[in-house]
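Let's take a walk through this model, starting with a pocket and ending with a pair of helices.

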Amino acid sequence: MPAAGMDGRIENVEKKMDAKLFDHTILKADATKEAVKKVCDEAKEYGFMSVCVNGFYTSYVAKQLAGSGVKVCTVVGFPLGQMSPSAKAAEAEIALKDGADEIDMVINVGALKDGLYETVLEDIRGVKKICKEVCLKVIIETCLLTREEKIKACQLARDAGADFVKTSTGFSNGGAKAEDVKLMRETVGPKMGVKASGGIRDKETAMDMAKAGASRLGTSATVAICS
């Protein structure tokens, strides 16, 4: 699958933020149905790429977005990533049955830091096997990794057949940084997607991420940025 956004979408980023760069996100533990509906309505109004939610709301969001052209993005293994590979695969399978168009999964960061690269690789492959042609984004949680670990995580995601690498959950001790996005883009090359998420709250930051190589941006401040 070609990387979304590597088709000239960010060439004029300084002039305008393209709504299709954004996954409009609501992942807080206290998210209510009313709040999720508001996010869906905003996504339809602005034409964002997707609405990103926890699995509980997948079927509801799918109904809200039906026929709108806005995709349903569901997180898997969120936010810690340290459940069994079979649990992640099962979670992805349920999300797809409920109407998810894209899956954002969290890697097992501890396994990566322990050098258990085959474990991390198979963890991602297990979810990609369920996703098949459905877009899979792999969250590597950059704030917890050294430079070398960031590179290795990106390489493993690429080797496992993922479509995107993604910076952050937004639930750890840091979010997206332009220098990390640049490193991730350099590692995976031009054909794979790079998603920046976590702490993107204004247009200037969003532009910095896009110029660093991000082909998708995840944020709950999407309306403010695009307005």
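What volume does the largest pocket have? About 620 Å³, where a volume is the space filled by probe spheres set on grid points joined across faces, edges and corners. A pocket here is an open set of points on a 1 Å grid over the protein atoms alone, where a 1.4 Å probe fits, with protein on both sides within 12 Å along at least five of seven lines; lining residues have an atom within 4 Å of a point.

Keep in mind that this is a predicted model: local features need pLDDT of at least 70, side-chain atom pairs count only at pLDDT 80 or more, and totals for chains, interfaces and linings use all residues. Numbering runs from 1 along each chain as its sequence is written, and side-chain values use heavy atoms, leaving out hydrogens and water.

Back to the pocket: 30 residues line it, and Thr25, Leu27, Lys28, Thr219 and Ser220 are the closest to its centre. Strands E1 (22-26), E7 (193-197) and E8 (216-219) and helix H1 (33-46) each supply at least two lining residues, with H1 giving the largest share, 4 residues. (Helices, H or I of at least four residues, and strands, E of at least two, are DSSP runs numbered from the N terminus.) The lining divides into 9 nonpolar, 14 polar and 7 charged residues.

Now look at H5 (117-131) and H6 (147-159), which pack at about 45° with their axes 9 Å apart; axes are lines fitted to C-alpha atoms over the stretch in contact, and angles run from 0 to 180 degrees between N-to-C directions. That angle makes H5 oblique to H6, since angles under 35 degrees count as roughly parallel, over 145 as roughly antiparallel, 65 to 115 as roughly perpendicular and the rest as oblique.

Terms used: Nonpolar A, V, L, I, M, F, W, Y, C, P; charged D, E, K, R; others polar.
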